[in-house]
Amino acid sequence: MSTVQNEFFKKPKKGAVLHAEGGIHKAILDFLRKSLEKKCFDALFIPVKVHDTDSYVWVLLKDKSLLNEANPLPPVISVQGGRALSTLTKHGEMNLQIAAIMRPCEIRAVIELFKLKQVSLNNITLISIDCPGAMPLSDYISNPKEMAKRFNNLFETWEENESLRPICIICHRFSLSSLLPSISRQSASVELEGIDSPASDIHIGLVGGNGEKIFLMPVSSKGEEILEKLEIATEDSLEDWEIKEKELRDKKENKRKKILQELKAKIEGPKKFVAVFDQCINCHNCMRVCPICYCRQCYFDSKTLRLSPEVYLTRAKERKSLRFPLDTLLFHLGRMSHMVLSCVSCGVCEDACPMNIPIAQVFCIVADQVQKSFGYVPGRDRREPPPLRFFQEDEFQEVEMQYKKTISREETQNA
Amino acid sequence: MNKEYNPKIIGFLCNWCAYTGADLAGVSRLNVPSSLKAVRVMCSGRVNPLFVLKAFLGGADGVIIMGCHPGDCHYQKGNYYARRRFVLLQKVFETLGLDFERLALSWVSASEGPRFARVTTEFSEKIKKLGPNPAKEEIFL
Amino acid sequence: MPKVLKIKKGVEEGINDFLKFLLESGKVKGIFTLKKTNENGAVSYSLITHLDELKKAVPLFPLMPVNAGKVLSAFTLLEATKDTVAAVLRPCEIRSFIELVKRFQGSMENFLLISLTCGGVFPLKSAVNGEVKKLLPIYWESIKKGNISSNIRPTCQTCEHFIPYQADMTIAIVEKKNTDKECNIFLNTDKGENFAKEAPGDIVFEEMDTNEITELKNKRKTQKKKLYEELGIEKLEFKTLIKIFSACLSCHACSHACPICYCTLCDFESKIFEYKPSSYNMELNQKGGIRVPPGTLFFHIGRMVHMGVSCVGCGMCSDVCPVNIPVSMIFSMVGDSLQKMFEYLPGKDIEESIPFGTFKTEEFAEIGE
């Protein structure tokens with residue numbers, strides 16, 4: 001089994017540094033508007049504010065006037081971008097060129113869904129953007145103006161802010177580094193020949209710009225073509241961005257290690273782990289908002305798990321009481337085993353939980369470990385198949401060790 | 001977008017009575033509003049309230065369901081259920097402040113060509129007065 | 001005159017004693033009721049079969065983590081229970097269970113249904129981080145004074161059906177001033193009377209306090225008008241609806257928490273309402289922009305059409321909504337007007353057919369002419 005290396009594949013060396021007078025959001029929207037006008041794209045997929053409210057929804061737009069209310073990086077993630085793009089392209093592509101601009105975790109979810117055949121990427125250009133994090137949805141709903149203000153202040157210094165969602169505070173995948181394939185990729189899917197590996201096509205760097213400039217860079221060959229068509233020269237050095245990004249990434253990685261270790265100590269072991277779900281009401285919101293959970297009918301909602309009252313009463317007698325709705329832990333651990341390899345730690349599950357269970361952080365602890373043991377980072381490489389889809393003859397031999405030591409020795413003895 | 005307002009009315013017509021009645025109106029050269037787009041269903045009882053809701057949210061200015069007179073349903077009971085479903089949907093619209101007058105239910109038998117023409121013309125006039133459906137322009141549905 | 005089991009203890013202790021008697025005597029094999037999951041205010045419905053666990057029961061705890069009608073339906077979905085089981089539920093939970101039984105989603109056989117005159121429950125948000133423990137004394141004070149507790153669910157503040165219809169026994173709460181000294185359990189049916197035989201306490205004849213009940217009902221009616229205005233929903237129209245549902249994530253938490261929405265695969269989650277590329281193309285060309293996921297208003301109004309006639313106003317939908325949309329107030333408003341039109345009260349009578357499963361040949365005569 002190969003190890004994950006820290007070098008990245010085809011990282012862009014140069015790009016276009018654009019000045020952002022009027023702010024970052026305006027600079028990005030201007031770039032998008034121009035790309036629509038020059039017919040690089042027929043439509044944009046971007047969050048738009050609903051008139052007279054503080055709500056952001058994904059809109060597929062052709063009408064440029066809608067860009068006046070658009071925001072490429074809203075203070076909250078309402079619907080996960082991967083889930084939204086999946087509803088758009090699940091049944092095939094539209095014959096339009098669409099540019100979708102999303103946060104890195106959303107882009108990675110799109111790529112995972114692409115691998116699961118829930119998203120068609122023909123005619124879609126993915127534009128990723130540095131993400132300072134997102135505000136907790138319930139906090140934003142109670143006080144949108146204040147939360148939006150705190151969020152917008154983050155773009156100058158990118159310093160830590162306790163108002164952000166806990167899962168964002170420990171996120172080290174906020175930029176391009178997690179959207180590029182690893183050099184030591186295990187195997188490439190033969191069916192995907194001719195597809196460019198990186199997750200996004202164009203990346204917009206914001207870190208290191210102090211809120212005054214944006215770093216536009218092509219990531220894939222499609223991205224290069226588009227910037228050429230827009231006559232945007234990509235000769236500027238990206239050093240300011242690169243240095244600050246690495247600095248911030250290292251800092252966040254260390255923070256992540258520390259916080260997840262502390263959290264793990266609080267939840268590990270049967271007693272403590274069960275206690276995490278003391279308040280769980282089995283609403284299954286977390287599953288429904290999750291981009292990776294795409295099944296129309298979740299196994300844990302199906303009739304398979306329904307039993308006769310006799311069986312329930314017998315169980316209740318054995319344990320002295322039986323909590324209803326049933327199978328709280330079965331649901332969470334089961335869902336974990338189904339999707340944790342593709343978990344991008346976007347945190348929409350935690351936002352959706354009515355009982356404030358830190359579900360994103362719990363899943364994050366497990367996701368990090370499981371993904372590491374397979375050397376897999378979900379969503380970084382379009383051609384990297386999900387680990388359970390293939391195997392190598394000699395791998396994970398440490399699991400077989402016990403068998404080899406005991407039983408197979410007996411067999412050779414008895415032979 | 002200053003288009004002239006040409007109302008679009010979706011009509012769900014039952015095969016045995018209303019659709020035949022509509023046919024008769026056509027053959028008799030009676031004046032039937034061009035704004036009506038007919039959808040033939042076997043019975044007014046087949047009309048799922050969600051069809052009407054989807055038509056409305058899809059931008060239809062008016063939706064009308066037409067079937068056999070009570071007691072004359074080709075399948076005996078279909079139109080009774082249709083009547084209940086219609087009043088239910090209309091009441092939902094009314095409570096939510098949506099234009100419940102954009103929905104109509106009318107009984108037209110196979111021989112009632114003139115009645116078909118009259119009902120659809122009156123409905124079309126009403127829809128014209130109500131103006132275009134706000135759902136037509138709304139992106140955030 | 002109704003029979004009442006009077007236990008000379010505070011109502012919480014009294015009901016716990018009665019449940020203990022039910023289990024100990026073997027009259028029931030198990031009891032569905034709220035039970036403490038930890039010491040921090042977390043509670044959940046449990047099927048309790050042993051006295052040790054019954055010690056942790058909190059039947060009157062003002063929280064509804066899940067609508068118990070849904071729980072009883074899940075328990076008896078495949079078949080009726082052969083063993084007698086008692087269940088302590090709120091009036092709206094019994095009503096939902098009956099609506100589910102009408103739809104063949106459960107069975108009432110061999111249940112002893114115990115309910116209460118309901119003072120409402122707290123929204124689930126109050127239960128997060130144990131806040132609800134601090135609110136308990138204020139809650140019981142309001143109930144004693146015959147007032148509406150200010151931090152309960154909006155649907156509870158405006159509920160007019162707080163006297164249970166189909167319970168075998170009703171614990172008197174909101175109409176009594178002495179719930180700290182006396183526990184009164186009205187025995188509504190023969191079954192109720194049978195189960196109360198030999199129970200701790202005395203069986204007396206007593207009338208229900210209708211004055212207190214009428215007064216509370218009126219207070220709640222007034223509160224309804226006030227809340228509608230506060231939420232801006234007293235006069236709804238197309239633009240208001242767009243605004244109210246602007247934040248909707250299409251997560252469908254509301255429909256999954258709803259006891260009446262029992263469909264294993266909801267229409268609105270099935271393939272039929274998934275947009276094909278041609279539909280997106282068409283709408284995009286017509287309007288210049290289209291919201292994704294599409295069909296937010298379609299889902300909500302469609303759900304109202306499907307379940308509105310059986311809406312019992314329990315308020316679970318609002319509680320599970322991640323973006324604080326007042327779903328339960330709007331749905332119960334529509335539910336009320338539909339139920340009035342059809343002269344139908346969900347959960348009142350198991351023999352009463354659901355309005356769209358039946359018809360009268362002469363009704364709504366003005367329609368269609």
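1. A residue is partly exposed when its relative accessible area falls between the buried limit, under 20%, and the exposed limit, over 50%. M42(B) has 40% relative accessibility, so it counts as partly exposed. Note that this is a predicted model. M42(B) sits in the loop between strand 2 (36–41) and helix 2 (49–57) of chain B. Together with W16(B) and Y75(B), M42(B) makes a nonpolar surface patch of about 290 Å².

2. Two cis peptide bonds deserve a look. One runs from F324(A) to P325(A), with omega near -5 degrees. P325(A) is in the loop between strand 9 (321–324) and helix 12 of chain A. Another runs from V292(C) to P293(C), with omega near -5 degrees. P293(C) belongs to the loop between strand 9 (289–292) and helix 13 (296–307) of chain C. Most peptide bonds are trans, and most residues other than glycine have a negative phi.

3. Check the positive phi values too. K117(A) has phi near 65 degrees. Its loop joins helix 3 (104–115) and strand 5 (124–129) of chain A. K117(A) is exposed, because its relative accessible area is 63%. N110(C) also has phi near 65 degrees. N110(C) lies between helix 4 (91–102) and strand 5 (111–116) of chain C. At 28% relative accessibility, N110(C) is partly exposed.

4. In chain A, helix 12 (residues 328–339) packs against helix 14 (residues 359–373) at about 50 degrees, with axes 11 Å apart. The two helices are therefore oblique to each other. Their crossing is right-handed.

5. E269(C) occupies the loop between helix 11 (253–257) and helix 12 (277–287) of chain C. With 16% relative accessibility, E269(C) counts as buried.

Key
Residues are numbered from 1 along each chain as its sequence is written. Chains are lettered from A and ligands numbered from 1 in the order in which they are written. This is a predicted model: local features need pLDDT of at least 70, side-chain atom pairs count only at pLDDT 80 or more; totals for chains, interfaces and linings use all residues. Side-chain values use heavy atoms; hydrogens and water are left out. Patches are made of residues with over 30% relative accessible area and no salt bridge: like charges are joined within 9 Å, nonpolar side chains (Val, Leu, Ile, Met, Phe, Trp, Tyr) within 5 Å. Accessible areas come from the Shrake-Rupley method with a 1.4 Å probe; for residues, only the protein chains shown count as cover. A salt bridge is a side-chain nitrogen of Lys or Arg within 4 Å of a carboxyl oxygen of Asp or Glu. Helices (H or I, at least four residues) and strands (E, at least two) are DSSP runs, numbered from the N terminus. Buried means under 20% relative accessible area, exposed over 50%, partly exposed in between (1.4 Å probe, protein chains only). Axes are lines fitted to C-alpha atoms, for helices over the stretch in contact, and angles run from 0 to 180 degrees between N-to-C directions. Angles under 35 degrees count as roughly parallel, over 145 as roughly antiparallel, 65 to 115 as roughly perpendicular and the rest as oblique. A crossing is left-handed if the near helix is turned anticlockwise from the far one by less than a right angle, and right-handed if clockwise.
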